[in-house]
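We will go from stop to stop, selecting as we go.

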Amino acid sequence: GLFAMAGQVDMAIYFAIWGLVTAGLWVITFRINKALAVVFGSLVLLFALLAIGEYSTPVHKLAGYVGLFCGASAIYTGYATLLNETWKGQFLPLGVYDAVPKNEEAEDVKF
């Protein structure tokens with residue numbers, strides 16, 4: 001074929017890099033809500049397990065279960081966000097963090 005198949009090392013590096021990117025995004029979610037932090041936290045765990053799972057079948061299987069949890073939490077978070085924003089209320093809880101300081105300068109920026 002035109003492209004060679006990726007090996008174990010290639011896939012482990014690929015998952016590890018995405019895990020690092022996702023870990024950075026996960027930290028940012030601590031200023032948004034707890035539901036989003038659960039999604040990104042479970043995604044970081046998922047990428048770590050997928051990287052390790054390239055060398056261990058039981059870990060790879062565990063990654064599948066974590067992936068199911070991550071997907072379910074993402075569906076809930078997305079649905080709750082859309083529902084709450086559309087009807088301007090809290091119909092499904094997202095776990096808002098208490099006393100998150102606001103950046104006054106950021107509110108002045110217009111796009």
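Before the first selection, one cut-off: buried means under 20% relative accessible area, exposed means over 50%, and partly exposed lies in between. Keep in mind that this is a predicted model.

**Whole chain**

Colour by secondary structure. The chain has four helices and zero strands. Along the sequence the pattern reads α-α-α-α. Of the 111 residues, 23% count as buried. Now consider contacts between residues at least 6 apart in sequence: 53% of these join residues at least 24 apart.

**Aromatic pairs**

A pair of aromatic rings is described by the distance of the centres and the angle of the planes. How many aromatic pairs are there? The count comes to two.

Select tyrosine 14 and phenylalanine 15. Their rings form an edge-to-face pair, 5.7 Å centre to centre, with 65° between the planes. Tyrosine 14 has a relative accessible area of 45%, so this residue is partly exposed. Phenylalanine 15 is at 12%, so this one is buried.

Next, select tryptophan 26 and phenylalanine 30. The ring centres lie 5.1 Å apart and the planes meet at 70°, so this pair is edge-to-face too. Tryptophan 26 is partly exposed, with a relative accessible area of 32%. Phenylalanine 30 is also partly exposed, at 35%.

**H1 against H2**

Two packed helices are described by the angle between their axes and the distance between the axes. Select helix H1, residues 8-29, together with H2. They pack at an angle of about 165°, with axes 8 Å apart. H1 is therefore roughly antiparallel to H2. The crossing is left-handed.

Show the side chains of the contact. On the H1 side, pick Ala12, Phe15, Ala16, Trp18, Gly19, Thr22, Ala23, Leu25, Trp26 and Thr29. On the H2 side, pick Leu36, Ala37, Phe40, Gly41, Leu43, Val44, Phe47, Leu50 and Ala51. How many of these residues are nonpolar, polar and charged? By class, the contact has 15 nonpolar, four polar and no charged residues.

**H2 against H3**

Which residues make the contact? From H2, select Ala35, Leu36, Val38, Val39, Ser42, Leu43, Leu45, Leu46, Leu49, Leu50, Ile52 and Gly53. From H3, select Thr57, Val59, His60, Leu62, Ala63, Val66, Gly67, Phe69, Cys70, Ser73, Ala74 and Thr77. They divide into 17 nonpolar, seven polar and no charged. Leu36, Leu43 and Leu50 of H2 are on the list for H1 and on the list for H3.

Start at glycine 41, in helix H2. Glycine 41 is partly exposed, because its relative accessibility is 22%. Draw the line from its C-alpha to that of cysteine 70: 8.6 Å, for residues 29 apart along the chain.

Go on to tyrosine 65, in helix H3. Is tyrosine 65 buried or exposed? It is exposed, with a relative accessible area of 53%. Its C-alpha is 9.0 Å from that of leucine 46, 19 residues away along the chain.

Then take alanine 72, also placed in helix H3. Alanine 72 is partly exposed, with a relative accessible area of 46%. The C-alpha atoms of alanine 72 and valine 39 are separated by 8.8 Å, and the two residues are 33 apart along the chain.

**Last stop: lysine 88**

Most residues other than glycine have a negative phi. Select lysine 88 and check its backbone. Lysine 88 has a positive phi of about 50°, although it is not a glycine. Where is lysine 88? Look in the loop between H3 and helix H4, 104-107. At 68% relative accessibility, lysine 88 counts as exposed.

Notes. Residues are numbered from 1 along each chain as its sequence is written. This is a predicted model: local features need pLDDT of at least 70, side-chain atom pairs count only at pLDDT 80 or more; totals for chains, interfaces and linings use all residues. Side-chain values use heavy atoms; hydrogens and water are left out. Rings of Phe, Tyr and Trp (its six-membered ring) pair if their centres lie within 6.5 Å; planes under 30 degrees apart count as stacked, over 60 as edge-to-face and the rest as tilted. Buried means under 20% relative accessible area, exposed over 50%, partly exposed in between (1.4 Å probe, protein chains only). Contact means heavy atoms within 4.5 Å. Helices (H or I, at least four residues) and strands (E, at least two) are DSSP runs, numbered from the N terminus. Ala, Val, Leu, Ile, Met, Phe, Trp, Tyr, Cys and Pro count as nonpolar, Asp, Glu, Lys and Arg as charged, and the others, Gly among them, as polar. Axes are lines fitted to C-alpha atoms, for helices over the stretch in contact, and angles run from 0 to 180 degrees between N-to-C directions. Angles under 35 degrees count as roughly parallel, over 145 as roughly antiparallel, 65 to 115 as roughly perpendicular and the rest as oblique. A crossing is left-handed if the near helix is turned anticlockwise from the far one by less than a right angle, and right-handed if clockwise.
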